[in-house]
Amino acid sequence: MLRITLKSVRGHFVRFLLTAFAVMVGTGFVAGTFVLSDSIRATLDGLFNQASKGVDVVVRGTETGAAGQASSGRAALSLDLEKQLAAVPGVKRVVPDLQGTALIAGKDGTAVRSGGAPGLGFFWDPQGQSFTLLDGRGPTKAGEVAVEKRTLELSGLAVGDTTQAVIGEHRQSVTIVGEVKFGAGTTFGATAVLVDAQTARTLFAPDGRVGDFQLEAADGTSEATLRAAVAKVLPADAEAITVTDFNEENQEALGTALGFITTFLLAFAGIALFVGAFIIYNTFAMIVAQRTRELALLRAVGASRPQVRRVVLGEAFVVGLVGSAVGIGFGVLVAAGAKAALRSFVGIDLSSDLPVDALTVATSLVVGTVVTMVGAYIPARRAARIAPVAAMRDDLSIPAKGLRLRGTLGLSGLAVGAGLVVTGVTRDDIAWLLVGPGALLVVLGAIVAAPVIARPVIRVVAAPFAATLGVVGRLARENALRVPRRTATTASALMIGLALISALGVVAQSTKASVADLVAQEIRSDFVLSAGGGVAVPTSVGPAVAALPGVQSVADAVGFGVRSSDGEDLGASAGTAKGLGDNFDITMRSGSLDAIDRGEIIVNGDTAAEQGWTTGSKVSLAVGALGQKEYTVGGVYAPMQILATDIVVGEDLFEAAVPAAQRFNQGVFVKAAPGADLTALRAALVAEVKQFLVVSVEDGEEFQSTAAAGVNIILGILYALLLFSVVIAVLGIINTLALSVFERTREIGLLRAVGLRRRQLSGMITIEAVTTALFGALLGTALGVGLGVALQRGLKNQGLELLAIPWSTILVVLAASAFVGVMAAVLPTVRAVRLDILKAIATE
Amino acid sequence: MTDGHVTAAPAGAVAQAVDLTKVYGTGEAAVRALDGVSVEFERGRMTAIMGPSGSGKSTLMHCMAALDTPTSGTVVIDGVTVNGLKDKALTTLRRDRLGFVFQSFNLVPTLTARENITLPLDIAGTKLDQAWFDTIIDTVNLRDRLTHRPNQLSGGQQQRVACARALVSRPAIVFADEPTGNLDSRSSAEILGFLRRSVDEFGQSIVMVTHDPVSAAYADRVLFLSDGRIVDEINEPTADSVLARMRGFEPAGRQA
């Protein structure tokens, strides 16, 4: 039996090759995901181990509130603590963790940036082990810097050059005196500039506070012993932790943050495999149908049903194994692609190679092979049911079962799914537990019902061909309808990918429209200053800009963490009543915006309702690094996107609560004074922020398109990933057509004999392919747009206020699908026109 | 070409072969399926080609019908020299001047009987001559079956549809390859009777390959092939005369 299996694989080589290719793409994603996450883990390991070399214990502030962007949510520690710590027995060295932002201008005069990754500033510690000097020397006085290797490469500068830099918030001219290497080789994409210790103290800790101290133990003192000794002298708002625990904590946090990449890729692996399973099913179903007589002969000469089943499953095993083995290689390519994408879009640089370990290989092989065998199971069972007498029968058509049950089942699945989705999205808050399974049910229902839907849809799609091309168009239409199940399965593969693409398209387009609307509706600013990505706008920009003539007021976009008395983490932003009131369209439900200038807080209407707070309530909160204190709710504002945080505090409270080094200002909103010359103001703003290298000035419209650009990048990545499932679907169409051509050899011979030209024959096959592809595309886009609209409705309160359907994208998708059909028809067509008429007619 | 059985060429030849040779394979494995056949088929007559398996009768018909290319020799159909024609011209020739009836699988399963019949016209984009169509339909007695698909028709009905299709474009000549090979005797008689009527009533020229003496008896003339040569012919045959003649030379053919 094994020999029969192997011979069959060899005999139907090309067909199995296409199937194996589908398996390959699916498994490639699985393997790629594993390779990538291993690479991330290896990079993180290296990063943390290197960063903590020569460190045994870390002293940090106790946790007070939620971590915000760049804010640790921990109490800041006074630099004075350094002396106390140094006096503890067993401490060899105390290093305050002085770091902040630092950027240098490259050769072209613009800031050296790596994607959206932050520009970090450290200080040069001659005894430290995180950085190794490669060239020159370490900086020893103000105006000198050492630059990390890759950063220096990006800058186009060399040791000895002088350039402009922004250290902390201070613009200055610096000389590059050295080149350093970060121990692990990568800073995860961030640029790094090192200054001398004294400069770091002044610029990175202007308020005399730092996040933590790193302690090195004297020889013979263990981490644990040192930790215990240090803990005794610490004030209440500080804690000591061994570096082992510290690293573990950080790694876990970062690992979770990056884990989404793994989940994300696995989702696409799932989609690719799911689509692949259709192709596998279809291929085996057709091969079994074709070989009915051969399989019946096996039965007639004494093979048992399980044996016949094993022959077919054995073929699936071989195909699956080969496909997934090649898929592992493809996976490395996927991982390499993802690595490059992370680097250029997110600025995350993975230093590690792409490791392929035994687990990756084993998982990929098992997943690929099992999926193939599952896909082939039904055809295998059908093969086993072939009666031995079929060997003697002339008529080989396998009686098709009625589609009524399938139609009823599929359409009711579709209806129930749609019902769940609608119920899920028509609530105040989208109910994912209804929407998720509902959407899945809709897609599955569509797949099940597809053969029934195929008939009317294909009739409509093929109508123009039948009308203009006469019998060729009619033949193509009838061929597409001949085995509705097969056409539907082939089209379903395309449908899944296109449904996802168009659903995403609707959500993305709605997001863009909503963002634009938000800018128009909620923002009254004339200009927005921002640095983009992981770099903050220096906090001094706001006050400096506010002082410019023609500026009425400014508002900073700052976010930080607040923890309520019962431990709930809330988000907060800050500003002055005037700045916020001028720049944003805030509606107060009660109380007054001015309250924040008096040290009170104002609360988002949604949060107020959840927490049961009203104007005048006294609430206990830990704001930023401050401990729990009581604050008065000075007002409640109507929920809005631009102030989507839970509470808003005044400028003074913000400065007290968040250490300078942890303030992260995403942008400055500028409102011009009435009658101000906007052109002149813009020029003044540009001149003012020029010194900060990375800050750009945008008006409302530009800000709007920048915001939309982010959506476009994410959309681009998603589309690229979904394209793989479309590629698999194309393979499916090729496969189905090739088999159909093979099955209809005699018919093609007959048509050619009675005068069908080669051109007409190609046309017939191409139209069949185009019709099938368009059927899948129409079904997919219809489902996708439906789901997309549902999602928009559901996310209405989360910022997706406007519905926008990307009709042009959808038209492009439909046109591309037709083109895909034409492409898929090429190989089968070549084969069909080359058929020898006589041999074709003589074929059984 | 010395066997002396070549018919004197009448003025009304619709198809003509001159010194036709067809060799399959090369070297030791070479098989001469046709070995210098020269023959003419008269307009408005029905010719049957007979011979044992492997005698070359099907090859002769395929070459005459522009379905196969001879190794050497010339084929002229309705005044057109087939040799050297490109696929496009050959296709047009088959579509416009030839009709075909095969032993089995004569119809496109996705088309109705009517669509199958008009297929050559539809492919060519030619307008249907409704009167002629009606005449054919009534002759083959298919009027109430026109909307049926092939799988809803009996074998005899399917073959009648095939005959109607072969005639609908008023071809110069119809080639029928064992048209009754898969049919019972009653259906066979229907088909043959119909082919006969088309010759008598419409002046159709027909070439039919068969191994059945009863079928051959419907023809005006029977050619006997053996080992790739025409070895004999009978005009105005009867089933008995054909059978007698076959018995006469068959052993010789086998020994060769």
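This is a predicted model: local features need pLDDT of at least 70, side-chain atom pairs count only at pLDDT 80 or more; totals for chains, interfaces and linings use all residues.
**Conventions.** I number residues from 1 along each chain as its sequence is written, and I letter chains from A in the order in which they are written. Local features need pLDDT of at least 70, side-chain atom pairs count only at pLDDT 80 or more, totals for chains, interfaces and linings use all residues, and side-chain values use heavy atoms without hydrogens and water.

**Interface.** I looked up the contacts (heavy atoms within 4.5 Å) and found 21 residues of chain A against 26 of chain B. The buried area (accessible area, 1.4 Å probe, lost on being put together, summed over both parts) is about 2,300 Å², and carbon and sulfur atoms give 64% of that. On the side of chain A, Val754(A), Arg757(A) and Leu838(A) lose the most area, together 27% of what that side buries.

**Salt bridges.** Glu478(A) forms a salt bridge with Arg149(B), with the closest N and O atoms 3.5 Å apart.

**Sheet of chain B.** I then traced an open sheet of four strands (DSSP runs of E, at least two residues; a pair needs at least two bridges), in the order S2-S1-S4-S5 with antiparallel pairing. Strand S2 (31-42) and strand S5 (80-81) of chain B each have a single partner strand, so one side of each is left without a neighbour in the sheet. Five bridges join S1 (13-24) to S4 (72-77) in chain B, and Thr21(B) has Ser72(B) as its bridge partner in S4(B).

Definitions and conventions:
Buried area is the accessible area (1.4 Å probe) that two parts lose on being put together, summed over both. A salt bridge is a side-chain nitrogen of Lys or Arg within 4 Å of a carboxyl oxygen of Asp or Glu.
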